[in-house]
Structures are given as structure tokens and as C-alpha cells.
Amino acid sequence: MVLLRRVIGDALRARRQGQHRTLREVSSAANVSLGYLSEIERGQKEPSSELLAAICDALGARLSELLREVSDTVALAEQLPEVLVPMADESVEPSRVAPAVRKATNRSVRQVSSDGSVAVQVRQDSPLKATLRSTRVRSADRDVVCAA
């Protein structure tokens with residue numbers, strides 16, 4: 001299953017890194033501790049709506065843009081085969097994970113939205129760990145994706 005806090009964290013980190021800003025700069029601007037912002041970006045903490053709005057403001061992004069990106073990522077991830085069967089979080093014992101999921105390790109799956117604007121890549125490192133990355137596809141890249 002996709003954990004919303006991880007997708008939100010990835011989207012925030014991508015925006016921050018895209019602006020070449022440090023955690024310290026954004027945490028100061030958002031009035032949140034550096035450690036807590038780091039935990040949010042790593043998907044370990046789920047921010048409140050107020051805190052998420054403050055972080056978006058510090059990044060110069062609209063909350064609606066971030067949530068739309070997160071929504072697009074989750075929607076694409078839901079379409080990926082075998083990736084979103086109960087992946088569970090770290091609290092689930094490996095013996096409780098379905099055999100089909102245990103077999104599907106060390107693989108990467110990429111999905112592009114129908115309009116070609118968002119790409120989601122899922123890398124499954126182990127039965128209990130999957131990394132979900134979403135990226136906005138630039139217009140030049142769309143031509144390459146569509147031609148492939």
C-alpha cells in the first residue's frame with residue numbers, strides 16, 4: 001500500500017531540492033524544527049494541514065499544487081501491477097506478507113499518466129520496502145515517452 005506520508009514527503013523534498021535549498025532554510029521559513037521537517041520528508045511523520053500549508057508557503061508553492069501532485073502520484077501507483085498489494089509498513093512481519101509479494105523484490109516499475117504529465121517509478125527493495133518516486137514530465141520528455 002502507498003503510504004500518503006511518504007508520497008507527501010517525497011513531493012516536498014523534490015520541490016525543496018529543485019530550488020537548491022537546504023532543510024535548514026526551509027525549516028526556518030516554515031517555522032518548524034529541522035529534525036521534524038526531515039522526518040516529514042522521509043515519510044516518518046505525517047504533517048498536519050496547518051504545517052503542510054506553512055511548508056508549502058516556505059517553498060513558494062500552493063498547497064493545492066502539492067496535493068494535486070500527490071494525488072496524481074497515488075492514482076498512478078494504484079495502477080501499477082503487484083506493487084500495491086499489501087506492502088505494509090515496517091511494523092508487519094515478513095512471514096505475514098503474501099508469497100507473491102515476497103517474490104516481487106529488487107524490481108522497478110515505471111508508469112506514466114495518460115496525459116504524459118506525471119511519471120511514477122516504484123522500486124521494490126524487499127517485501128516490506130518499496131520506494132515511490134514521482135516526477136513531472138517535461139514537454140521534451142513527453143515526446144520520448146510517447147514514442148517509446
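Is Arg 13 buried or exposed? Arg 13 is buried, with a relative accessible area of 18% (buried means under 20%, exposed over 50% and partly exposed in between, using a 1.4 Å probe and protein chains only). This is a predicted model, in which local features need pLDDT of at least 70 and side-chain atom pairs count only at pLDDT 80 or more, while totals for chains, interfaces and linings use all residues. Residues are numbered from 1 along each chain as its sequence is written, and side-chain values use heavy atoms, leaving out hydrogens and water.

**Salt bridges around Arg 13**
- Arg 13 pairs with Asp 10 in a salt bridge, with the closest N and O atoms 3.1 Å apart (a side-chain nitrogen of Lys or Arg within 4 Å of a carboxyl oxygen of Asp or Glu).
- Both residues sit in helix H1, three residues apart (helices are DSSP runs of H or I, at least four residues, numbered from the N terminus).
- Asp 10 is buried too, at a relative accessible area of 16%.
- Arg 13 also forms a salt bridge with Glu 41 (3.8 Å, N to O).
- That pair links helix H1 with helix H3 across 28 residues.

**Glu 41**
- Glu 41 lies in helix H3 (residues 34-41) and is buried, with a relative accessible area of 3%.

**A link to helix H5**
- Glu 69 forms a salt bridge with Arg 15, the closest N and O atoms being 3.3 Å apart.
- Glu 69 lies in helix H5 (residues 63-79) and Arg 15 in helix H1, so the pair ties together parts 54 residues apart in sequence.
- Glu 69 is buried at 9%, whereas Arg 15 is partly exposed at 23%.

Technical notes. Helices (H or I, at least four residues) and strands (E, at least two) are DSSP runs, numbered from the N terminus.
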